[in-house]
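Keep the viewer open and try each task before you read its solution.

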Amino acid sequence: MAGSGGTKAVVAALAANLTIAALKFVAYLLTRSSSMLAEAIHSVADSGNQVLLLVGGKRAARQASPSHPFGYRRDRYIYAFIVSIVLFSVGGLFALYEAYHKWQDPHPIEGFWWWVPLAVLAGAIIAESFSLRTAVRESNPLRGTTGWVDFIRRSKAPELPVILLEDFAALLGLVLALFGVSLTLLTGNGLWDAAGTAMIGLLLVAIATVLAIETKSLLLGESASREHLRLIEEAIAADDETRVIHLKTMHLGPDELLVAAKISVGRSDSGQEIARLIDAAERRIRDAVPIATVIYLEPDIFRSESVAHPAGPA
């Protein structure tokens, strides 16, 4: 996994969601509030998602094998994509179904336990706030000066962006549930509870769609960042005898980069001299970009028409 920071954020979110899910189910059983049921299922889906992220990190650590010579690092992307499917189906679609069911048969929240949903939602907001704060703190060193939207879009490690989006959706979903429950209690009209549930469903579908789009891009194989591309080009060109003719990169995982380049050599260089130039260029690339773990350099004669610009970052 992307360092201990990603693991810490996932574990914090898992602990918060398991506790909150239990409290929400209790509140639903006491009041039959559809917003509470939708939020309870949401927390269960989030808990399952955090388990998936932990499993993906564990499986990605396996050593390369003859059948998978580049290793299993992209398992983290696969499990993150599964997270988006779970959030969409178990969280979003269930909430929309429950909203439809409640709209057809609205009923107010009555009885001695009317206050329980409010207490549970207030406590859940506090717990989710701490979980989100942990994710923000663990993301900041990696994010640097990058904006949050760009960080989520450009991050090659899926765990922290997934947790950030999940925690943000959880907090906003709790506010929507509080909105629906409060108006139902004030007006005695269960349609407000259904409306809150529907808004939670739409929110989860939207967040799941964003996650699916971003993890799909990682699964397809994203190139190195612009900064890493620049460092690789400079490392190759540091020796006056070599220069980049063509360069392509792809992330095999968050912390593993494949570098394939065609570099120029002298027309009269011997095989031994060409091998020396390639070995030296590889060492410079690894020093400049330590995550460049797989490097293939092809020697060629430089011609102006053979120069191709490297593909930019995804």
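The exercises below cover a cavity, aromatic rings and one glycine.

The model is predicted, so local features need pLDDT of at least 70 and side-chain atom pairs count only at pLDDT 80 or more, while totals for chains, interfaces and linings use all residues. Residues are numbered from 1 along each chain as its sequence is written, and side-chain values use heavy atoms, with hydrogens and water left out.

**Exercise 1. Describe the largest cavity and its lining.**

Step 1. On a 1 Å grid over the protein atoms alone, a cavity is a set of points where a 1.4 Å probe fits but cannot get out, and lining residues have an atom within 4 Å of a point. Grid points are joined across faces, edges and corners, and the volume is the space filled by probe spheres set on the points.

Step 2. Searching the whole structure gives one cavity of 30 Å³ or more. The largest cavity holds about 80 Å³ of space.

Step 3. Its lining includes Ile 152, Pro 161, Leu 211 and Glu 214. Two or more residues each come from α6 (159-187) and α7 (191-220), and α7 gives the most, with four residues. Helices here are DSSP runs (H or I, at least four residues), numbered from the N terminus.

**Exercise 2. Classify the aromatic pairs by distance and angle.**

Step 1. Rings of Phe, Tyr and Trp (its six-membered ring) pair if their centres lie within 6.5 Å; planes under 30 degrees apart count as stacked, over 60 as edge-to-face and the rest as tilted. The count comes to two aromatic pairs.

Step 2. For Trp 148 and Phe 151, the centres are 6.1 Å apart and the planes lie at 85°, so this pair is edge-to-face. Both residues belong to helix α5 (residues 148-154), three residues apart, about one turn of the helix.

Step 3. Phe 179 and Trp 192 also form an edge-to-face pair, with 5.8 Å centre to centre and 90° between the planes. This pair links distant parts of the chain, with Phe 179 in helix α6 and Trp 192 in helix α7.

**Exercise 3. Is Gly 56 buried or exposed, and what is it in contact with?**

Step 1. Locate Gly 56 in helix α2 (residues 34-60).

Step 2. Gly 56 has a relative accessible area of 0%, so it is buried (buried means under 20%, exposed over 50%, partly exposed in between, with a 1.4 Å probe and protein chains only).

Step 3. Leaving aside neighbours within four places in sequence, Gly 56 is in contact (heavy atoms within 4.5 Å) with Asp 75, Arg 76 and Tyr 79.

Technical notes:
1 Å grid on protein atoms, 1.4 Å probe; cavity = no way out; pocket = protein on both sides within 12 Å on 5 of 7 lines; lining within 4 Å.
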